[in-house]
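Work through the exercises below with the model open. Each task is followed by a stepwise solution.

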Amino acid sequence: MVLAAAERWAAARRVFEDGKAGFATIAQLTGCGEASLARRVRREGWRAPQQTEITPDHLARLRRELARWIGRIETLGAALEAGEGGVDKADLDAALAAFRALEKAEDMARAQMTEDTIDNDAEKAAVLEKINQRIVALAHEFAAEIVDGGGGGGASGGVDAEPG
């Protein structure tokens with residue numbers, strides 16, 4: 001049983017360090033609270049992966065966070081309109097600042113994903129161009145063999161024609 005627990009924690013660490021799951025998911029899978037998990041991560045020196053690329057998952061998380069802050073801003077705005085005195089200007093300013101920061105982060109993430117797509121498309125185009133050039137070269141070689149009376153043998157792998 002101890003071995004199974006050790007294996008489960010080793011797997012959880014690999015998943016965390018590979019960036020395939022966050023605290024909430026690992027905590028749920030291990031049956032451990034997030035605070036306890038955070039202490040274990042610090043104590044054992046787990047290393048969070050360095051995020052160098054933006055993924056669709058990042059955009060989804062940003063959108064969820066934006067939606068949460070939009071709800072907070074709407075709640076504060078409704079309280080102001082209703083004349084409720086419990087609204088603090090600092091709360092509203094903080095919510096608006098967070099919203100703007102998240103909105104900017106989403107714009108930057110979209111820009112990076114667009115650049116990555118363009119770079120990927122350029123790489124594909126370069127490979128396809130090389131393939132096309134090779135096809136054309138092989139076609140010229142094959143045509144030259146036919147003209148010379150080779151009948152399609154040689155580099156093309158064809159079979160020589162039977163004399164008629």
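Buried means under 20% relative accessible area, exposed over 50%, and partly exposed in between, with a 1.4 Å probe and protein chains only. The model is predicted, so local features need pLDDT of at least 70 and side-chain atom pairs pLDDT 80 or more, while totals for chains, interfaces and linings use all residues. Numbering starts from 1 along each chain as its sequence is written, and side-chain values use heavy atoms, without hydrogens and water.

**Exercise 1.** Classify Glu17 by accessibility and find its salt-bridge partner.

Step 1. Glu17 has a relative accessible area of 28%, so Glu17 is partly exposed.
Step 2. A salt bridge puts a side-chain nitrogen of Lys or Arg within 4 Å of a carboxyl oxygen of Asp or Glu. Glu17 pairs with Arg13, with the closest N and O atoms 2.9 Å apart.
Step 3. Both residues lie in helix α1 (residues 2-18), four residues apart, about one turn of the helix. Helices are DSSP runs (H or I, at least four residues), numbered from the N terminus.

**Exercise 2.** Locate Arg47 and list its contacts beyond four places in sequence.

Step 1. Arg47 sits in the loop between α3 (34-44) and α4 (56-81).
Step 2. Its relative accessible area is 64%, so Arg47 is exposed.
Step 3. Contact means heavy atoms within 4.5 Å. Leaving aside neighbours within four places, Arg47 touches Phe16 and Glu17.

**Exercise 3.** Find the separation of Arg134 and Glu141 in their salt bridge.

Step 1. The closest N and O atoms are 3.9 Å apart.
Step 2. Arg134 is partly exposed at 47%. Glu141 is partly exposed at 35%.

Notes
Helix = DSSP H or I, 4+ residues; strand = E, 2+ residues; numbered from the N terminus.
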